[in-house]
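Have a look at the sequence and the fold before reading on.

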Amino acid sequence: MKTNKKKQWRLLSEHFLQLKNIHLRKLFLENPGRAEQMTLHGAGLFLDYSKNRIVDKTVSLLLDLAREADLEAEIEHMFSGKRINQTEDRSVLHVVLRNPTGTSHFVDGVDLMLEVNAVLHKMEHMARKISSGQWLGYTGKPIKNIVNIGIGGSDLGPAMVYEALKAYSNRGLNFRFISNIDATHLTEQLMNLEADETLFLIASKTFTTQETMTNAASAREWLLKRLKNESAIEHHFIAISTNEEKVTEFGIAPENRLTLWDWVGGRYSLTSAIGFSLMIALGVENFHLLRKGFHSMDQHFQKVPLSENMPVILGLLGVWYNNFFNAQTYAVLPYDQYLSRFPAYLQQSDMESNGKCIDRDGYPVAYQTGPIVWGEPGTNGQHAFYQLIHQGTKLVPCDFIGFAKSINPTGDHHDILMANFVAQQEALAFGKEPQDLKTENIPAGLIPFRTFEGNCPSNCIMAEKLTPESLGSLISLYEHKIFVQGIIWNIFSFDQWGVELGKQLVKRILPELKGTLPISATHDASTRNLLNYLLKHR
Ligand code: F6P
């Protein structure tokens with residue numbers, strides 16, 4: 001049955017009509033215990049969701065919607081390895097990657113942890129060798145530069161976490177991330193690096209992704225041009241992939257290969273060998289603390305009742321705005337410069353997972369699915385796009401993320417940062433009314449312009465400090481929130497067929513652009529026009 005035809009959906013639509021104009025000012029006035037009642041703790045994180053346009057009944061109706069969608073059973077299906085990624089006929093078991101080492105996780109009688117632990121062990125050995133200076137380059141010098149080449153899930157996660165946890169990283173090594181097929185990325189990232197001190201990590205689950213393989217081939221050429229001997233490859237290239245055959249074809253020996261499995265989705269692969277650059281950068285212990293943080297939130301998600309379950313509550317609130325208020329986007333606003341890449345990372349995990357228009361029965365959905373995710377760290381965003389959130393015509397629900405302690409305590413910077421963090425949430429929720437402006441003697445003609453309607457919803461997610469552990473919990477919180485929404489929307493969150501058409505068309509267009517084939521008359525007039533321009537002006 002279609003999601004929006006279900007009983008709970010109908011009840012929520014009716015409830016929405018009663019609630020849509022109620023102001024947060026009124027809700028807080030009526031219930032002094034609201035903030036306390038709508039605060040959750042789990043896996044080292046704090047979540048205050050009281051500044052949402054909801055009452056107790058909204059939460060209970062949303063929870064019933066989750067029950068109607070059989071969310072609890074679906075969570076168990078994921079954890080137990082059921083092939084819930086049906087269109088690719090795969091299990092979805094990234095949670096196993098974060099299980100504590102030494103435990104077992106049986107799926108179909110096979111202990112997946114044996115394989116996971118074996119790869120972790122190999123990663124640890126290699127990472128220690130690299131960071132201790134024992135991994136030598138072709139000319140006998142220790143490695144100084146680590147260059148991760150990957151794209152999508154094989155880049156965004158490692159690059160985001162590297163930025164986020166830079167304070168915990170080995171500053172004696174340089175880390176670079178190359179993803180874009182635009183040679184500018186490769187050129188700029190390799191600038192001033194000595195080839196004999198540089199180690200390339202070719203991270204690609206499939207080892208067929210055009211961008212990564214082209215960048216990897218150019219990196220190989222760059223290295224050979226400088227070191228002038230094929231045998232240098234084994235000192236300077238490590239492959240991270242499921243595709244043994246392609247890795248061998250590229251010339252990387254089995255001892256320099258780290259494997260992952262088809263039950264790890266690209267955008268959920270951060271704690272697999274795809275995160276190897278992080279193990280080198282942060283050290284083995286910190287990498288395990290990151291995994292530990294993920295695991296705590298995984299446990300919370302699996303075990304805590306729906307009404308106190310942070311990913312469930314966040315997911316359902318997202319559904320409330322997306323499907324009843326018709327909000328098109330949501331903003332993720334970390335008040336921590338180290339999390340500058342977090343919104344970009346979430347764009348892939350959320351939009352590639354839930355940007356779907358066909359339901360799990362193969363029919364077009366009759367309701368909105370995944371939202372547009374965007375954001376920037378505070379306070380920068382305040383001086384850029386917050387105007388629209390405060391006084392524009394669109395409803396933009398926001399997630400504010402902040403930490404009580406600073407990693408770089410300097411004067412009163414952190415107090416100012418966090419005062420802004422709190423002030424923005426207060427301003428968005430409660431606004432400023434004309435009568436307040438009158439008492440401040442604001443000229444009558446300016447009052448409409450200086451009024452803040454407020455009633456903009458936000459969640460506040462905090463932890464004591466940004467650490468490998470708290471970051472792991474935070475990422476896992478969002479991963480599971482995305483899962484919850486996929487279940488409610490009855491879509492498959494773990495495939496990504498929408499990226500395929502572009503890949504196919506590139507194969508057709510490339511020879512035309514290179515001039516080895518004539519421009520096909522079967523292209524539309526605009527495509528031919530673009531190609532003609534490029535050929536003429538190249
Ligand atoms: O863009 C599609 C995609 O398949 C992503 O899902 C994935 O993270 C990325 O490409 C990279 O894939 P691979 O790791 O196989 O190179």
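## The model

Keep in mind that this is a predicted model.

## Around the ligand

Let's start with the ligand. There are 14 residues around it, and those that come nearest are Ser154, Ser204, Thr206, Thr209 and Glu352.

Now for the polar atoms. Ser204 puts a polar side-chain atom 2.6 Å from an oxygen atom of the ligand. With Lys205 it is the backbone that matters here: one of its polar backbone atoms sits 2.8 Å from a ligand oxygen. As for cover, the ligand on its own has 400 Å² of accessible area, and the protein covers 87% of that.

## Helix α14 and its partners

Two packed helices are described by the angle between their axes and the distance between the axes. Take α5 (residues 71-79) and α14 (residues 284-303): their axes are 9 Å apart, and the packing angle is about 140 degrees. An angle over 145 would count as roughly antiparallel, so this pair is oblique instead. On the α5 side, the contact is made by Ile75, Glu76, Met78 and Phe79, while α14 brings Asp298, Phe301 and Gln302. Sorted by class, that contact holds four nonpolar residues, one polar and two charged.

Helix α14 also meets α15 (residues 310-324), and here the axes come within 8 Å and cross at roughly 75 degrees. The two helices are therefore roughly perpendicular. Met297, His300 and Phe301 of α14 touch Met310, Pro311 and Val312 of α15. This contact has five nonpolar residues, one polar and no charged ones.

Thr379 belongs to the loop between β11 (372-374) and α17 (386-391).

The other spot is Asp89, a residue other than glycine with a positive phi, near 50 degrees. You'll find Asp89 in the loop that runs between α5 and α6 (94-97).

How values were computed:
Residues are numbered from 1 along each chain as its sequence is written. This is a predicted model: local features need pLDDT of at least 70, side-chain atom pairs count only at pLDDT 80 or more; totals for chains, interfaces and linings use all residues. Side-chain values use heavy atoms; hydrogens and water are left out. Axes are lines fitted to C-alpha atoms, for helices over the stretch in contact, and angles run from 0 to 180 degrees between N-to-C directions. Helices (H or I, at least four residues) and strands (E, at least two) are DSSP runs, numbered from the N terminus. Angles under 35 degrees count as roughly parallel, over 145 as roughly antiparallel, 65 to 115 as roughly perpendicular and the rest as oblique. Contact means heavy atoms within 4.5 Å. Ala, Val, Leu, Ile, Met, Phe, Trp, Tyr, Cys and Pro count as nonpolar, Asp, Glu, Lys and Arg as charged, and the others, Gly among them, as polar. A residue is near a molecule or strand if one of its heavy atoms lies within 4 Å of it. A polar contact is a pair of N or O atoms within 3.5 Å; within protein, one must be able to donate a hydrogen and the other to accept it, and residues adjacent in sequence count only if both atoms are side-chain atoms. Accessible areas come from the Shrake-Rupley method with a 1.4 Å probe; for residues, only the protein chains shown count as cover.
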